[in-house]
Amino acid sequence: MMYRFCIRKCIYAILICLGLVACAHAQEFRFTTTVSNNTVTQDEPFQIQFMLENGVNIASFTPPSFKDFEILQGPSQMQGQSIFNGKRSEYIALSYLLQPKHVGSFTIAGAQARVNGNIVKSNPVLIEVRKGNAQQQQQQQQAPQPSSGYPPHRGQQGNEDIQEGILRKGEDINEKLKKNIFLKVDVDKTNLYEGEQLTATYKLYTRLPTNSSVTKVPAFKGFSAKDIELPNPPQATEERVNGIPYKVFTIRKTLLFPLQSGSLELDPVEVDNQVRLVKMVSKKGGGRGRDPFEDFFNDPAFRDPFFDDFFNRPEVEYQDVPYKIQSNPIKINVKPVPVEGRPLSYNGAVGRFNMTAVVDKNKLTTDDALTLKVSISGQGNVNLLNSPKIETPTGFEKYDPKVTDDIEKNSNPLSGSRTFEYVLMPQEAGEHTIPAVEFSYFDPAANSYKTLRSQPFTIHIDQGKHIKQDKQDYGTGKNDLVKNDTGILDWTRNHSWFILSPWFYILLLLPLLIAAGLIFYKRRRDYNTTNAAMLKHRYANKVALKRLELAARYLKEGKDKAFYEETSRAVWGYLSSKLKIPMADLSKQLIQDKLSARHINGSNTHELFNLIDHCEVALYAPGQDNRKMQGTYEQAVGIITNLEDALKN
């Protein structure tokens, strides 16, 4: 007997252990919310992702409300499989690109999904939004975000690229990343004149699959910068470094103009990478000392030109490694433009330019205005050109010029024109000559100054209708003092005491009136606070019927979800106000107890709870029949009316 009992205990123990092992290997369901950054600036977009792992029979997905954020992109859906420590899991992820609307701390609620008939929710996340440097954020937004994956490869070169992404046993990860991912800054010159153009190109070189984002852009202190627009998403090119091919992404290309002489430095750019490496899962019983990837790359499926994702194999797993890199700073030697031979009309222009100067009319009157238009075009620091000095005769009044730019988009070297429009007002009639306009610039290619001159302009001016008033003559005998009148003026009046005026008594009563107003306001506010619950109780029926009117409008428009939401709010709001129960404490059991205490039972409570259950079910199963919705509306009006009559009695 004792022997049979011991055998039975052993069998039970074995079954329990097998069950625990099965549970340990079972796929674990998870529903999580992740964000790319919990602390952002107001102008900085960020990504939020909702991931369902190992979900079975996913019927619906409802994102949270993004009322404090602007949706820039999404939802973007991604699904696939992952292998970690020999365990395969399936996932579905939906992501949004958001940008904050306000500064402060905000909580984004979790998303909601129906999985295998059950409602599940993901975790909420906290986002802190701070004020940021608008210029810096604009530069970061303009900087393209390179992303490198494993596209289909053909031939030997494709095999080499894929093998670089494989982490072999004993291989140093840092050395592998350093060898296969780096940043480089190309400049077309490091020795130039002040105001001369310098082109800086920031490139990302990679041989590994990576998602990269620019986290810090250079400030370009001492330079005037103009970015060249790049394709978004960036297009990869191929370059060879020491005979090894790399994918190259241009992340920024900028035209720089030194504003001062001396030794300047181009700050480094920083890039965060998420590099995906592949590892082979060790197999038991493999005693041969051969390369475990040999069979893998000799697989005929690998030679398929449409082969895309070789990671989804049971014998490999991947590892995502964060890797931050930055470029080296670049020293720039800036020389001042030569002093020798510098013209008086030189004002900082460097490059090669042409100039035209025209007037809109040669004949006018003193009532008209004359416009002198000077246009300077060419290649160089066009966006930094100063207005040329205009000499005008004494018979003209000159105003500050209106400046208009016409810069060619993405030109390199920078090309375009800047136009200055001077408005000249003639003051005297006669023949006047406006001297020639002179403009000088420094040509770094010729290492010399060049001066451009226009023709002088002869202007004929006639006398207009408005004659200029002659200047006042302050000569001898013209500035005698007028004799003072010592008599009493007509507007003088007798002085009176302020205490006898009505304003004295009005100001005296003003503090009493203010005090009386404050007392009345405080009593009115206390009365409203004290009687808020009583007013809610009194007008609960009217408020509920008002909400049902809005539900009726949704019914006519065919908005079933909005109809059931408003009907549910009307019923719950009525019960909260009428039974004096806070909304946070409302429950069916508490309502049942309150109604029973007032001897309200039977069909009233039965129909009420049926209506509440029906609304809750309809919210998660949209697409209701219009006739059924009409019946729900009539039922809600009848229940609230019957409850109002019962509670009054």
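Which side chain makes a polar contact with the side chain of Ser 122? That of Thr 33 does, at 2.6 Å, where a polar contact is a pair of N or O atoms within 3.5 Å; within protein, one atom must be able to donate a hydrogen and the other to accept it, and residues adjacent in sequence count only if both atoms are side-chain atoms.

## Basis of the model

This is a predicted model, in which local features need pLDDT of at least 70 and side-chain atom pairs count only at pLDDT 80 or more, whereas totals for chains, interfaces and linings use all residues. Residues are numbered from 1 along each chain as its sequence is written, and side-chain values use heavy atoms, with hydrogens and water left out.

Ser 122 belongs to the loop between β9 (118–121) and β10 (125–130); strands are DSSP runs of E with at least two residues, and helices are runs of H or I with at least four, numbered from the N terminus. With a relative accessible area of 6%, Ser 122 is buried, a class that means under 20% relative accessible area, while exposed means over 50% and partly exposed lies in between (1.4 Å probe, protein chains only).

When residues up to four places away in sequence are not counted, Ser 122 touches Phe 31, Thr 32, Thr 33, Phe 50, Gly 110 and Ala 111, contact meaning heavy atoms within 4.5 Å.

## Strand β14

Strand β14 (residues 198–206) is largely enclosed by the rest of the structure, because 9 of its 9 residues are buried. Leu 198, Ala 200, Tyr 202, Leu 204 and Thr 206 point one way from β14, Thr 199, Thr 201, Lys 203 and Tyr 205 point the other way, and all are buried.

Strand β12 (residues 181–187) pairs with β14 in the antiparallel sense over 7 bridges, pairing requiring that DSSP finds at least two bridges between two strands; Ile 181 has Thr 206 of β14 as its bridge partner. β14 is also joined to β18 by 9 bridges, and these strands run antiparallel, with Leu 198 standing opposite Leu 256 in β18.

## Backbone features in loops

Asn 242, in the loop between β17 (237–241) and β18 (244–258), has a positive phi near 55° although it is a residue other than glycine, and Asn 242 is exposed, with a relative accessible area of 76%. Asn 447, in the loop between β30 (438–443) and β31 (448–453), has a positive phi of about 55° and counts as partly exposed at 44% relative accessibility.

The peptide bond from Asn 412 to Pro 413 is cis, with omega near 5°, and Pro 413 lies in the loop between β27 (402–407) and β28 (415–426).
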